[in-house]
Amino acid sequence: MLRYLLPLGAFMAMAVFLALGLSRDPRAVPSAMLDKAAPPISLPLLHAPGQTLDVQSLRGQVWLLNVWASWCGPCRDELPVLRDAAQRHGIPLYGLNYKDKPEDAVAWLARNGNPYIASASDTDGRVGIEYGVYGVPETFVIDGAGRIRYKQLGLITPDIWRTRIEPMIEALR
């Protein structure tokens, strides 16, 4: 009898752990960067390679950093949401072009529309690593003190903007 109960108990324990794992949001990956200072971005801008994106100069305002690439399909899909949010809500939107060729990125923005005030070129992914980027697209909400307050993994949909990001921005203003 015991030899049947032991495997049954082990199976039940595994089933419980599986059920708990499946009930979690796969996009809810914790970020070690939350509530930490946004790392500096000393990279050339796509449209002005002689200039860099100065994170320190953005202190005093809430802003978004969107990590994107020309080879990323979901990045193109979220462009209308980002463009509308930046225009309608007056939120400064900056880009970090991740592991991409600058010429491909510039052509992609010309073809699909450029919602960014400026976009830095992170060809080797070094700055992306400092931000804890898992992949593209990802978007960070950065507060007036220069701290990362929210990280959105994946595509921003109108629903995600309305229920997660917009309330965070309003709370920080």
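Aspartate 159 and arginine 162 both belong to helix α5, which spans residues 158-172, and they stand three residues apart, about one turn of the helix. In this predicted model, the two side chains form a salt bridge whose closest N and O atoms are 2.9 Å apart. Aspartate 159 is partly exposed, its relative accessible area being 40%.

## Salt bridges

The structure holds seven salt bridges in total.

| Salt bridge | Closest N and O atoms |
|---|---|
| Aspartate 159 and arginine 162 | 2.9 Å |
| Aspartate 35 and arginine 149 | 3.1 Å |
| Lysine 151 and glutamate 138 | 3.4 Å |

Aspartate 35 forms its salt bridge with arginine 149. Because aspartate 35 sits in the loop between α1 and β1 while arginine 149 is part of strand β5 (residues 148-153), this pair ties together parts of the chain that are 114 residues apart in sequence. Both partners are partly exposed: aspartate 35 has a relative accessibility of 47%, and arginine 149 has one of 32%. Salt bridges with shared partners also join Asp35, Asp143 and Arg149 into one network.

Lysine 151 is paired with glutamate 138 by a salt bridge. This pair likewise links distant parts of the chain, with lysine 151 in strand β5 and glutamate 138 in strand β4, 13 residues apart. Here both partners are buried: lysine 151 has a relative accessibility of 12%, and glutamate 138 has one of 1%. Lysine 151 counts as buried because its 12% lies under the 20% limit.

## Backbone features

Lysine 99 is another residue other than glycine with a positive phi, near 50 degrees. Lysine 99 lies in the loop between β2 (93-98) and α3 (102-112). Its relative accessible area of 44% makes lysine 99 partly exposed.

A further feature of the backbone is a cis peptide bond, which leads from valine 136 to proline 137 and has an omega near -5 degrees. Proline 137 is found in the loop between α4 (126-131) and β4 (138-142).

## The nonpolar core and a surface patch

In soluble globular proteins, nonpolar side chains tend to be buried together. The largest nonpolar core of this model comprises 48 residues, and those with the most contacts inside it are Ile41, Leu65, Tyr131, Trp161 and Ile165. Helix α2 (residues 73-89) contributes the most to this core, giving six residues.

Which residues does isoleucine 165 contact, apart from its neighbours within four places in sequence? Isoleucine 165 is in contact with Leu64, Val141, Tyr150, Gln152, Ile156 and Ile160.

Nonpolar residues are found on the surface as well: Leu5, Leu8, Phe11, Met12 and Met14 form a patch there, with about 530 Å² of accessible area together. One of these residues, phenylalanine 11, is found in helix α1.

## The disulfide

A disulfide is a covalent bond between the sulfur atoms of two cysteines. The model has one disulfide. It is formed by cysteine 72 and cysteine 75, whose sulfur atoms are 2.4 Å apart. The link between cysteine 72 and cysteine 75 is right-handed, with 85 degrees about the S-S bond. Both cysteine 72 and cysteine 75 are buried.

## Two further residues

Serine 121 is part of strand β3 (residues 118-122). With a relative accessibility of 7%, serine 121 is buried. Not counting residues up to four places away in sequence, serine 121 touches Leu43, Pro44, Leu46, Asn97 and Pro102.

Alanine 107 lies in helix α3. Its relative accessible area is 34%, so alanine 107 is partly exposed. Alanine 107 and glutamate 166 are separated by 59 residues in sequence, and their C-alpha atoms are 30 Å apart in space.

Note on methods: Residues are numbered from 1 along each chain as its sequence is written. This is a predicted model: local features need pLDDT of at least 70, side-chain atom pairs count only at pLDDT 80 or more; totals for chains, interfaces and linings use all residues. Side-chain values use heavy atoms; hydrogens and water are left out. Helices (H or I, at least four residues) and strands (E, at least two) are DSSP runs, numbered from the N terminus. Buried means under 20% relative accessible area, exposed over 50%, partly exposed in between (1.4 Å probe, protein chains only). A nonpolar core is a set of buried Ala, Val, Leu, Ile, Met, Phe, Trp, Tyr and Cys residues joined through side-chain atoms within 4.5 Å. Contact means heavy atoms within 4.5 Å. A disulfide is a pair of cysteine sulfur atoms within 2.5 Å. Patches are made of residues with over 30% relative accessible area and no salt bridge: like charges are joined within 9 Å, nonpolar side chains (Val, Leu, Ile, Met, Phe, Trp, Tyr) within 5 Å. Accessible areas come from the Shrake-Rupley method with a 1.4 Å probe; for residues, only the protein chains shown count as cover. A salt bridge is a side-chain nitrogen of Lys or Arg within 4 Å of a carboxyl oxygen of Asp or Glu.
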